Amino acid sequence: MPDYTGANGLRENFRVVGKPNIPGLTSYAMATGVAKFGADFVVPDMLFAKMLRSPYAHARVLSIDASDALAIPGVVDVVLWDDPIFKEIGQNPIGGKRPTYLMNEAHYEGVEVGAVVVAESEHLCEEGLRALKVEWEQLPFIIDLKQGLDPEFPKIRGPEWDESEGDYMPGLTTVDGLTILNLHYPDDPRKVGNVSWTNKIDGDMDAGWAAADFILEYDVNLHAVVSLLPNPPASVAWWFDSMYNGPEKNLHIEGAVQRRGAIATMYGLPDENVVQEGLFQGGKYCDWGLRMSQEITPLLSRRFDRPVRCCNTREETFDMCVNERLLHLKLGVTKDGLITAVEDNSIADHGAPASSEMGTIYDRDYDSYYTLKCENISQKYTIVDSNRGFMHTCGQFVPYNWDALTVGLAILGEKLGKDPVELAKLNLHGPDSQKDTRPVPSFEACLEEGKKLMDWEWHPAGTKRLADGRLHGTAFRYQMCPRHAMLSYFCKLEYRDGVVHFPTQGPIAGWFGTECFTMIIAEELGLEFDDISVDYDYRAKHTDEAGGSDGVTGQGWIVKECANLLKARILESAAKEAQKTTTGFGPFVMPKMPSPLMGYAAEDLEMMDGKVFVKSDPSKFVPFAQATSETITADYGGGSPKSAWTTGFGRVLDTMNTSWCEVAVDDETGEIEILKYGIVADPGKVIRRTSLESQIDQAVFFSMGCQLLEEYVLDPETGVRLNANMIDYRKPTTLDVPIVGKEILELRSGNAAYGASGISHSLANSHLLITAIYNATGIWIDPPATPDRVLKALGKC
Amino acid sequence: MPMETTRVGTSLKTASEQAAATIAAMPAYPKSIRCPICQRQCLTYAELADHYAAEHPDSVAPVAVTLNVNGKACALIFEPHLTLKHVLQFHLGLTGAKEMCDRGACGSCTVIMDGKPTLSCNILAAECEGKVIQTVEGIAVIPKWKPLIDAYCKWDAMQCGYCTPGFLVAAKVLLDRNPHPTEQEINEALSGNICICGTQPRHSQAILEAVLVMAEGSDG
């Protein structure tokens with residue numbers, strides 16, 4: 001196991017890090033309702049804004065007659081798409097490219113288009129919207145991806161949206177000041193109609209097929225899942241004068257997610273001219289997209305010289321977090337079960353224009369196939385533009401095709417009569433690379449504990465019934481712990497008046513990153529969690545960049561280094577101050593009590609349990625709070641040590657996790673019961689145990705929801721969403737989610753603080769339960785496996 | 001322009017102090033009477049009603065209603081189509097009842113009305129006159145419920161925290177009715193609340209611990 005360089009090396013004893021049940025710093029505020037989210041802000045003299053939404057899947061606004069709306073008392077104005085005001089707003093640097101801010105073309109049902117109504121109340125906005133006379137031109141739309149494959153189908157988006165038009169420019173490209181991630185390869189086929197392609201072929205496919213004894217082919221259909229951000233995206237903004245920056249040069253906005261930088265850029269302001277004090281961002285689940293309701297309020301506030309609030313409803317916030325993807329897999333396999341070739345032919349939904357490329361081409365470099373010894377891997381993605389909806393930056397199930405391999409191992413197990421766990425062991429490459437044939441210690445440890453946790457006993461499909469007559473099925477999957485910790489992070493700490501201050505601007509979106517960092521600081525300085533003063537301040541440079549627990553641990557490395565820098569400076573100052581025999585200055589000089597640390601250099605001192613003491617004689621100490629009268633600061637920035645992400649994506653298997661389940665299938669009613677759900681994960685090192693366990697609960701919630709309940713239904717005739725509400729689109733409740741057995745291992749082989757790596761999204765899956773149902777019934781049922789679908793698949797309805 | 005200050009309740013003490021301050025700041029009577037359509041300032045409710053009759057004859061005039069919220073009688077004037085959720089936030093400054101689903105499916109806006117859990121987004125505020133309304137802020141200031149809030153925080157029965165007050169209100173209603181619930185009874189009582197972060201298993205854990213602590217407290 002690596003012992004990374006750093007101030008503290010590989011620490012063995014932990015006093016604070018790893019402790020459970022330390023309440024979150026803002027948990028009380030959240031529990032008691034005093035935490036304010038964007039939608040909660042109410043300011044005096046506020047106007048309200050609502051956007052016109054498209055009732056069609058693809059349509060153009062030809063004209064809008066707003067006279068009736070404007071005649072409604074209390075409707076202040078109707079701002080149309082061609083108003084010059086929209087030229088005053090720039091591109092969102094963390095969003096996708098768009099030709100103009102508000103357009104007259106709608107690319108999916110429910111999208112903002114054509115007009116904004118501004119009124120004295122939200123209800124008057126809605127009345128104004130109803131009074132608009134809109135002339136629509138309905139346009140051809142694609143809801144069925146297979147229909148979109150037809151090269152004769154009319155193009156549904158113009159060239160202004162297509163970064164993949166013309167020459168492909170792989171990597172980071174700057175277009176109109178925006179950084180565009182275009183990961184097409186230069187020799188990818190040119191786009192035809194609504195379809196583009198990208199092909200990635202590694203190794204020698206012919207050799208791979210030749211080495212195989214048989215070919216296994218199967219389909220894995222990933223259906224669309226929506227994110228349902230809990231809080232309605234909303235903002236309220238107003239401009240104010242500043243004696244430093246001038247009149248109307250300062251913007252106060254509440255509700256714009258992920259700090260104020262994006263809004264500052266859109267409005268051409270330096271960050272310091274933008275105030276956003278609210279910390280609470282709501283659930284994000286990797287969806288950091290700003291909605292128009294969070295971007296447009298400063299623009300309207302400037303025009304109407306009053307604060308403006310814009311808030312989405314639930315129906316208006318029904319964005320995808322997973323797009324539809326239809327995978328056809330072909331594996332070359334030896335009679336022993338060794339995979340010799342992998343061919344993934346995927347049809348992926350490109351979504352509405354500017355949707356995230358996650359689920360299409362982002363994930364092809366670190367997916368499950370690269371965990372195999374087999375190096376002959378072909379990934380051919382057919383990407384179809386559609387009018388199905390919009391996906392912001394998201395990754396509830398990253399990589400999107402991860403389960404394609406673990407499903408394959410289960411199908412292979414049925415064919416060969418072998419436990420998929422053994423097939424996984426056979427095929428998994430070693431910890432360092434695909435050529436490494438050694439076992440992966442983290443994986444082996446997870447398997448050992450997983451089998452114990454589950455009393456694991458695999459059986460062939462359809463061969464086991466429970467005493468009550470229901471069919472019994474099992475499933476297993478593995479994944480590496482992914483790494484998003486490739487960012488550059490920053491931390492600043494200050495020792496002031498005997499207290500360590502940790503300034504941070506948040507935001508708070510549920511991952512308890514600040515608490516993890518505070519634990520690390522306390523650990524390194526020999527203090528307790530509550531000894532650290534966390535100073536929430538929107539002007540602070542530090543922010544929880546995070547990106548899941550892998551981001552937290554990566555950022556935690558920087559925090560740890562910064563704490564050690566501070567520690568060294570405090571000890572140096574303490575040693576220096578201990579040599580003083582007097583205190584005060586000038587005529588006020590007085591004799592000073594000799595310090596117990598007198599005569600010792602900084603390297604002779606250590607800190608622990610709230611004391612600074614002499615290493616060789618711990619009875620000589622001063623309280624930490626009195627170590628020095630100086631104010632001492634430390635700041636540190638950079639990245640964590642080499643990460644799997646940057647050194648080989650899925651080819652580095654240092655920290656792994658496994659998921660296991662057992663289900664009962666009632667073949668009379670179609671009902672599925674989760675009998676056991678077990679997680680054995682190696683996050684490297686646990687930083688904050690309660691939130692790690694909670695994150696596992698979240699992953700299981702996502703997983704069981706999408707496999708058993710959630711279904712996003714679009715009307716094929718009209719392209720309109722049929723269940724964009726929380727009654728018809730079912731999320732799991734307390735009566736649905738299973739109790740999850742958890743075993744957390746700490747092999748310390750991650751790349752971040754203390755050998756941690758986090759688990760992040762890696763335990764969320766799209767097909768574990770579906771695979772168990774397959775093991776129970778011998779029949780493949782595409783998710784969601786609702787009772788009616790199960791019965792239909794069993795030929796009983 | 002006034003600046004909102006977000007103070008963070010980093011302990012129950014500060015959070016309950018903030019909740020208490022929010023309750024104290026609820027107006028006992030309207031500080032100003034403004035026409036919600038044209039913003040004209042009126043001196044009395046009668047003047048507003050006359051103004052409506054003259055200037056907005058096609059609109060339904062605001063109503064004068066006294067709501068009893070968290071033990072405080074608040075005389076309010078608002079449009080009759082407003083929900084209790086809206087009035088709590090926009091007229092009384094209470095942010096604990098959250099709007100998530102917009103149609104009574106998620107439980108985030110739950111308040112207690114005459115002892116029963118009530119979805120504040122699904123009831124007109126004008127219908128609530130004469131009812132005893134308690135919001136999560138009102139629960140937060142009662143020492144009896146400290147163990148429940150402590151346990152919620154200790155077990156991370158929240159991630160983003162948006163739905164949490166709704167769960168906590170539902171938990172309080174359950175414990176009022178059944179001080180020693182089983183895990184199954186807790187899950188049934190909270191099944192009308194939706195958490196998108198997946199904290200569902202955490203709530204029963206927190207509530208079961210709170211029940212023990214509260215029982216010890218009452219024994220002592």
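Domain bounds come from an automatic or database domain assignment.

**Figure 1. The two domains of chain B.** Chain B is divided into domain 1 (24-96 + 125-135) and domain 2 (142-219). Taken over C-alpha atoms, the centres of these domains of chain B are 33 Å apart. The model is predicted: local features need pLDDT of at least 70 and side-chain atom pairs count only at pLDDT 80 or more, while totals for chains, interfaces and linings use all residues. Residues are numbered from 1 along each chain as its sequence is written, and chains are lettered from A and ligands numbered from 1 in the order in which they are written.

**Figure 2. The contact between chain A and chain B.** In this view, 63 residues of chain A are in contact (C-beta atoms, placed from the backbone, within 7 Å) with 65 residues of chain B. On the side of chain A that touches chain B, at least two residues each are supplied by helix H1 (27-31), strand E12 (234-242), strand E13 (246-254) and helix H15 (689-709) of chain A. Helices (H or I, at least four residues) and strands (E, at least two) are DSSP runs, numbered from the N terminus. H15(A) gives the largest share of this side, seven residues.

**Figure 3. The packing of H15(A) against H16(A).** H15(A) and helix H16 (residues 768-777) of chain A pack with their axes 8 Å apart, at an angle of about 50°. Axes are lines fitted to C-alpha atoms, for helices over the stretch in contact, and angles run from 0 to 180 degrees between N-to-C directions. H15(A) is therefore oblique to H16(A); angles under 35 degrees count as roughly parallel, over 145 as roughly antiparallel, 65 to 115 as roughly perpendicular and the rest as oblique. Ser703(A), Met704(A), Gln707(A) and Leu708(A) of H15(A) meet Leu768(A), Leu769(A) and Ile770(A) of H16(A).

Key
Two residues are in contact if their C-beta atoms, placed from the backbone, lie within 7 Å.
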